[in-house]
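Subject: Structure handover

Hello,

Here is the structure for you to look through. My notes on what was found in it follow below.

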Amino acid sequence: MLYPNEGSSPERSEQISENLERLHEEIRVSALAAGRRPEEITLIAVSKTYPPADLLVAAAAGQTLFGENKVQELCAKVEALAGHPQIKIHLIGTLQRNKVKDVVGKTELIHSVHKLSLLQALEKEAEKKDCLQDILLQLNIAREASKHGFLPEEEEAALSFVQENCPHLRLRGYMCMAPFFENKEDAFPVFAKAREIFERRQQQIGEASFSVLSMGMSHDFPVAIRAGATHLRIGSAIFGARDYSR
């Protein structure tokens with residue numbers, strides 16, 4: 001995989017470090033305003049389209065958890081950064097069944113498990129590799145036709161399927177995305193519904209193993225924090241606007 005700049009300039013390093021510092025302060029302020037402890041919230045730096053050098057800069061500034069949208073890019077960065085075991089990369093983008101074999105065992109957490117057939121494929125591959133793969137179920141709370149995920153009324157059946165049929169998968173929690181609203185406060189009911197479902201299942205399963213509610217991105221993360229997110233997926237506020245032309 002080719003990137004326009006394989007190394008980070010001093011100016012780029014300073015930009016990423018300053019952006020991370022600013023973002024952590026915004027997360028801290030939002031958490032305290034919501035009556036939460038900032039340390040309850042984990043930042044996932046979404047690094048899609050950015051070179052491994054940028055991840056190393058962010059890691060030097062204390063950010064060691066990253067998120068990738070595409071399996072190919074995740075695998076390339078896992079290989080490129082193999083000498084830096086403190087760096088962890090989650091798969092947060094849509095996973096197709098034909099890519100399951102490439103990602104199982106390569107990432108500690110898959111956020112975007114969105115249908116039963118994908119669960120079956122993940123279980124089969126994890127059994128083949130004799131590993132335990134951590135996953136999140138993706139919820140489509142807003143019922144958007146353009147997005148994947150289990151509808152609220154499908155969530156219980158999906159949970160039961162994992163528990164009854166997938167001994168090589170460990171369900172760590174749920175992920176959801178809110179629609180893009182001009183007024184970010186409009187996302188609150190979506191996030192609050194996800195939290196309601198998450199907390200109900202957490203009481204049944206136990207907080208020790210079922211502890212991740214992944215929601216909130218650059219434009220709506222303060223709302224997600226107020227609604228109860230444990231993990232935020234933020235990219236452009238750290239690395240800047242992306243160039244999708246290449």
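A residue is called buried when its relative accessible area is under 20%, exposed when that area is over 50%, and partly exposed in between. Cys 176 has a relative accessible area of 1%, so Cys 176 is buried. Please keep in mind that this is a predicted model.

Cysteines

How many disulfides does the structure hold? The count is zero. Cys 166, for example, takes part in no disulfide, and the nearest cysteine sulfur, which belongs to Cys 131, is 13 Å away.

Salt bridges

The structure holds 17 salt bridges. Some of them belong to a network that links Arg 36, Arg 37, Glu 39 and Glu 40. Within this group, Arg 37 pairs with Glu 39, and their closest N and O atoms are 3.2 Å apart. Arg 37 also meets Glu 40 in a salt bridge, at 3.4 Å from N to O. Both pairs count because the cut-off for a salt bridge is 4 Å between a side-chain nitrogen of Lys or Arg and a carboxyl oxygen of Asp or Glu.

Are these residues buried or exposed? Glu 39 is exposed, with 58% relative accessibility. Arg 37 is partly exposed at 47%, and Glu 40 is partly exposed at 31%.

Another salt bridge joins the side chains of Arg 143 and Glu 153, with 2.7 Å from N to O. Both residues lie in the loop between β5 (133–139) and α6 (155–165), so this pair ties together parts that are ten residues apart in sequence. Arg 143 has 49% relative accessibility and is therefore partly exposed. Glu 153 has a relative accessible area of 52%, so Glu 153 is exposed.

Charged patches

Lys 128 sits in helix α5, which covers residues 116–129. The relative accessible area of Lys 128 is 68%, so Lys 128 is exposed.

There is also a surface patch of negative charge, where Glu 11, Glu 14, Glu 18 and Glu 21 gather. Glu 21 belongs to helix α1, residues 10–33. With a relative accessible area of 62%, Glu 21 is exposed as well. Residues in such patches have over 30% relative accessible area and no salt bridge.

A buried strand residue

Ile 110 is part of strand β4, which runs over residues 110–113. What is the relative accessible area of Ile 110? The value is 0%, so Ile 110 is buried. Ile 110 and Asp 134 are 24 residues apart in sequence, and their C-alpha atoms are 6.6 Å apart in space.

If you want a place to start, find Arg 37 in the viewer and look for its salt-bridge partners Glu 39 and Glu 40.

Regards

Definitions and conventions
Residues are numbered from 1 along each chain as its sequence is written. This is a predicted model: local features need pLDDT of at least 70, side-chain atom pairs count only at pLDDT 80 or more; totals for chains, interfaces and linings use all residues. Side-chain values use heavy atoms; hydrogens and water are left out. Helices (H or I, at least four residues) and strands (E, at least two) are DSSP runs, numbered from the N terminus. Buried means under 20% relative accessible area, exposed over 50%, partly exposed in between (1.4 Å probe, protein chains only). A disulfide is a pair of cysteine sulfur atoms within 2.5 Å. Patches are made of residues with over 30% relative accessible area and no salt bridge: like charges are joined within 9 Å, nonpolar side chains (Val, Leu, Ile, Met, Phe, Trp, Tyr) within 5 Å. Accessible areas come from the Shrake-Rupley method with a 1.4 Å probe; for residues, only the protein chains shown count as cover. Lys and Arg count as positive and Asp and Glu as negative; His and the chain ends are not counted. The place of a charge is taken as NZ of Lys, CZ of Arg, CG of Asp or CD of Glu.
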